[in-house]
Amino acid sequence: MRKDKIGVVDVGGGFRGVYAAGVMDYCIDQHIQFDVGIGVSAGSANLISYAAGQRGRNLKFYTDYGLRKEYAGIGNFLFKKSFIDLDYVYSTLSNSDGENPLDYAAVFSNPMEFIAVATNAETGKAKYFDKHDISKDDYNIMKASSAIPFICHPYTIDGIPYYDGALGDTIPIQQAFQLGCEKVVLLLTLPKDTVRTSKKDKQIAAFIRKKYPLAAEKLEQRAERYNQGVAEACRMAEEGKVLVVAPDNTCGVSTLSRDADALRRLYEKGYRDGEFILHFI
């Protein structure tokens, strides 16, 4: 019996999240059970399917549904002001009458504590939703966690607009330790030696600054906080407290990439890299 509490943190990364989807499918196949799962943006989708035990579900979202115009595209942006239609992803497809329903009962029977990180667009502060914030056919917390600024409108829950969780808590490993974890697996979707720059974030921040100045400020700081968070994780890895699992390259996949072959290659890379977790725990 394992005595120490182990957490997994998936930081997302748009369509690059297919790498972490591969890692989590490996964990399902190997019956690896985490005590805490924290997902940011696409990472929240990866972890909710993992909690449901639905192997391969996320891969289909990335490589099949993700190519559809209803999922993402300029048409959505023109008519719905959102490049990615979060309602299509997390309601139309995922509800009990959808094409690929989430196994809600399995999520709740899984003892893993599930956290989806979003960012309050008005305050810029992180919001940590949990399983009690969802109900059958109501998966709005994943929509909030995945609302990339400018690419998507902020998603409103109980009157509060939320943006992508990466603005509020880019690398939430400390949240996992605060929840009692002894060890944490950190899933990145960029090579761990990547140094992110803020140029694009600053350009995007300009579009939301007038209405959401605090969220814009957090967006401008995201790259710096990402770099600091990865550096901290690597230091903790030397102490045996954290395992950083990251691709050696992204196979040409970007945040909004829609190349099915490249996505499958990155998924397979993630599946192979899942073996590191088996040794870690």
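Which residues does Gly66 touch, not counting residues up to four places away in sequence? Gly66 touches Phe15, Phe61, Tyr71 and Arg258, where contact means heavy atoms within 4.5 Å. What you see is a predicted model, in which local features need pLDDT of at least 70 and side-chain atom pairs count only at pLDDT 80 or more, while totals for chains, interfaces and linings use all residues. Residues are numbered from 1 along each chain as its sequence is written, and side-chain values use heavy atoms, with hydrogens and water left out.

**Gly66 and its place**

- Gly66 is found in the loop between helix H3 (57-63) and helix H4 (74-80); helices (H or I, at least four residues) and strands (E, at least two) are DSSP runs, numbered from the N terminus.
- With a relative accessible area of 0%, Gly66 is buried (buried means under 20% relative accessible area, exposed over 50%, partly exposed in between, with a 1.4 Å probe and protein chains only).
- The C-alpha atoms of Gly66 and Val242 are separated by 31 Å, and the two residues are 176 residues apart along the chain.

**The enclosed space**

- A cavity is a set of points, on a 1 Å grid over the protein atoms alone, where a 1.4 Å probe fits but cannot get out; a pocket is an open set with protein on both sides within 12 Å along at least five of seven lines, and lining residues have an atom within 4 Å of a point.
- Grid points are joined across faces, edges and corners, and a volume is the space filled by probe spheres set on the points.
- The count comes to one cavity of 30 Å³ or more, and the largest cavity has a volume of about 310 Å³.
- This largest cavity is lined by 24 residues, and Ala42, Ala45, Tyr71, Val89 and Tyr90 lie nearest its centre.
- Helices H2, H3 and H5 (86-92) each supply at least two residues of the lining of the largest cavity.
- By class, that lining has 16 nonpolar, seven polar and one charged residues; here Ala, Val, Leu, Ile, Met, Phe, Trp, Tyr, Cys and Pro count as nonpolar, Asp, Glu, Lys and Arg as charged, and the others, Gly among them, as polar.
- Helix H2 (residues 42-52) is mostly covered, with 11 of its 11 residues buried; among them are Ala42, Ala45 and Tyr50.
- Just after H2, Gly53 takes a positive phi of about 70°.

- The largest pocket has a volume of about 620 Å³.
- Of the 25 residues that line the largest pocket, Arg16, Arg196, Asp201, Arg222 and Thr255 are the closest to its centre.
- Helix H10 (199-208) and helix H11 (213-238) are the elements that give two or more residues to this lining, and H11 gives the most, with four residues.
- The lining of the largest pocket divides into 11 nonpolar, eight polar and six charged residues.
- The second largest pocket holds about 230 Å³ of space.
- Its lining has 11 residues, of which Phe150, His153, Pro154, Tyr163 and Ile208 lie nearest the centre.
- Eight of the residues lining the second largest pocket are nonpolar, one is polar and two are charged.

**The nonpolar cores**

- A nonpolar core is a set of buried Ala, Val, Leu, Ile, Met, Phe, Trp, Tyr and Cys residues joined through side-chain atoms within 4.5 Å.
- The largest nonpolar core has 66 residues, and those with the most contacts inside it are Phe34, Tyr71, Ile84, Val185 and Ile277.
- Helix H1 gives the most to this core, with nine residues.
- Apart from it lies another core, of 24 residues, among them Val11, Ile115, Ile173 and Met236.
- Leaving out residues up to four places away in sequence, Ile84 touches Tyr71, Ala72, Val89, Ile148, Ile151, Cys152 and Leu256.

- Thr189 sits in the loop between strand E7 (183-187) and H10, and it is buried, with a relative accessible area of 2%.
- A polar atom of the side chain of Thr189 lies 2.8 Å from the backbone oxygen of Gly12.
- His31, in the loop between helix H1 (18-29) and strand E2 (36-40), has a positive phi near 60° and counts as exposed at 71% relative accessibility.
- Asp137, in the loop between strand E4 (126-130) and helix H7 (140-145), has a positive phi near 65° and counts as partly exposed at 29% relative accessibility.

Notes. A polar contact is a pair of N or O atoms within 3.5 Å; within protein, one must be able to donate a hydrogen and the other to accept it, and residues adjacent in sequence count only if both atoms are side-chain atoms.
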